[in-house]
Structure formats: C-alpha cells, structure tokens
Amino acid sequence: RSESIHPPLVDTEDSLDYAEVDAWVDNELDDVKIPNKIYEYNVSGVHIISETIWDISQLWTLKSLPAEAELKHEFGSMLRRVQTLSTGKVQIITELKIPRRVVAPKDIERFNKFIGMIKRESSIRLHGNLKTQ
C-alpha cells in the first residue's frame, strides 16, 4: 500500500482547459516505434483497450466532450469513444490495434509516421465552465 499527495493539476476556481495523453497508449506507441532505418523490423503487435473515467461534475459543466476518433491505416488503428455517464462522469475508451508484422526497410519511415500521428491524436482535451455555487 502506498499513498502520495500531489498539487492540483488545474485551478478549481477557474474554467477548465485540460489536456492529457492516454499514458497506456502513449507507452505502447513508444515501444512499437522502430529504432532503425536499415534493417527489416519485427513488430510484435499491440492490442489494448484503455478506459479513463473523469469526474468533473462537482466543479465544472462541460462545454464539449473530448473528441471521438476512428483512425484506420494499413499499419493499424485507434478507436476512441466518449460518453457522459448517468453519474455525470466522462468515460473515454480507447482501443489501439497494431497487428504483428515484419516492416520492410522501405516502409519504416511510413510506419514511424503512422505511430507519430496516433501519438498526436491520442491526446484527450476537456473544456468546462466553472459551476457557480
């Protein structure tokens, strides 16, 4: 068992403007990026489903939900679904699929660009107005 206390990530007395990468997706993408440009590379593949639930309903009213995404490419896909639960919490489910394959040297740059694009699009943004007491 452990406990840690961190300072607030946002000012709870102001409007909400917050962005965060899905740490699980980000870590997996770092692991599959190909480190060389000369030799074919065996990508072991990834299939993860990440769920994040944010409870901001006590302090903020959402201006808009985080963006949903459906990105498909020959090297893989990322699907993100977002919904507001009956409790007022926001649920974000991200599914990342990168099939196992051997990437030829001529495709390594394209593969890494695909990984970079997924990384950029995996950021989750929340905007909300402060509720008046």
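**Sheet and core briefing**

Four strands form an open sheet in the order β3-β7-β6-β5, with antiparallel pairing (two strands pair if DSSP finds at least two bridges between them). Strands (E, at least two residues) and helices (H or I, at least four) are DSSP runs, numbered from the N terminus. This is a predicted model: local features need pLDDT of at least 70, side-chain atom pairs count only at pLDDT 80 or more, and totals for chains, interfaces and linings use all residues. Residues are numbered from 1 along each chain as its sequence is written, and side-chain values use heavy atoms, with hydrogens and water left out.

- The edge strands are β3 and β5 (69–73), and each pairs on one side only.
- Strand β6 (residues 76–84) runs antiparallel to β7, joined by eight bridges.
- Arg 80 has Thr 94 in β7 as its bridge partner.

**Core**
- The largest nonpolar core has 18 residues (buried Ala, Val, Leu, Ile, Met, Phe, Trp, Tyr and Cys joined through side-chain atoms within 4.5 Å).
- Buried means under 20% relative accessible area, exposed over 50%, partly exposed in between (1.4 Å probe, protein chains only).
- α1 (23–32), β3 (46–54), β7 (90–98) and α2 (108–121) each give two or more residues to this core.
- The largest share, five residues, comes from α2.
- Another core lies apart from this one; its ten residues include Tyr 18, Trp 54, Trp 60 and Ile 124.

**Contacts of Ile 98**
- Ile 98 is among the residues with the most contacts inside the largest core.
- Not counting residues up to four places away in sequence, Ile 98 touches residues including Leu 29, Val 43, Phe 75 and Phe 111 (contact means heavy atoms within 4.5 Å).
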